[in-house]
Amino acid sequence: TLANAGTYSISMRNVFCQGPTATELVKVLEYPVLKVSNDTTACEDAPLLLVSSSTYPVYLWNNGATTPNISVSQSGIYKVTSANGNCRVSDSIAVDIVACSITPPNVFTPNGDGSNDFFFLRGSGITDVYCEIWDRWGLKMAEFRGTENGWNGWNLYTNKPCSDGTYFYIASVTNITGDKKNLHGFITLVR
């Protein structure tokens, strides 16, 4: 067993018969070392760069690309192979592309019937939300953080139900890639 790449001389002789020794030169190639990006989930609104590096700059991706890095916009398993002669090494990256979007509701009915009782800001690919609710006189009525939290139609300071009407919200929304987006709009409260 040879531990290092290089050129080696191998000699053989039959010990049972008198005869010449056969000598052959054998070249042992270094096995490539390949590193790739981690499996990832990304938003569909921007291409994702998959990165690989190898000790030998010969690359072949399963989509036909021959560069170390590729930009992708579809979910799938992306496999890259690097080679040094016939010594090949492969690795793959699992990519899940999702729609990172949020469509805020415009009405909610916090009347205790178990249906539409909270104003939530949720969407696919959304990991965090911070939202403030303001009335038409510029007084803050509520605030909440997180995709599992929302506004129940109560005044944060008086701990009483807010009146029917239209309120203004300002929100900061974070998606799975860490990008933040500011949202604002109106929400109508109907009991």
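Is Phe 119 buried or exposed? Phe 119 has 0% relative accessibility, so this residue counts as buried; the term means under 20% relative accessible area, with exposed over 50% and partly exposed in between, for a 1.4 Å probe and protein chains only.

A word on the source. This is a predicted model, in which local features need pLDDT of at least 70 and side-chain atom pairs pLDDT 80 or more, while totals for chains, interfaces and linings use all residues. Residues are numbered from 1 along each chain as its sequence is written, and side-chain values use heavy atoms, leaving out hydrogens and water.

Now the rings. The structure holds 7 aromatic pairs. Rings of Phe, Tyr and Trp (its six-membered ring) pair if their centres lie within 6.5 Å; planes under 30 degrees apart are stacked, over 60 edge-to-face, the rest tilted. Phe 119 and Tyr 169 have ring centres 5.3 Å apart and planes at 50°, so they make a tilted pair. Tyr 169 is also buried, at 5% relative accessible area.

Next, Asp 117. This residue is buried yet has no salt bridge, and Arg 191, the nearest side chain of opposite charge, is 7.5 Å away. A salt bridge needs a side-chain nitrogen of Lys or Arg within 4 Å of a carboxyl oxygen of Asp or Glu; Lys and Arg count as positive, Asp and Glu as negative, and His and the chain ends are not counted. What does the side chain of Asp 117 reach at 3.5 Å? The backbone nitrogen of Asp 113. A polar atom of the Asp 117 side chain also lies 3.2 Å from the backbone nitrogen of Asn 111.

Methods
A polar contact is a pair of N or O atoms within 3.5 Å; within protein, one must be able to donate a hydrogen and the other to accept it, and residues adjacent in sequence count only if both atoms are side-chain atoms.
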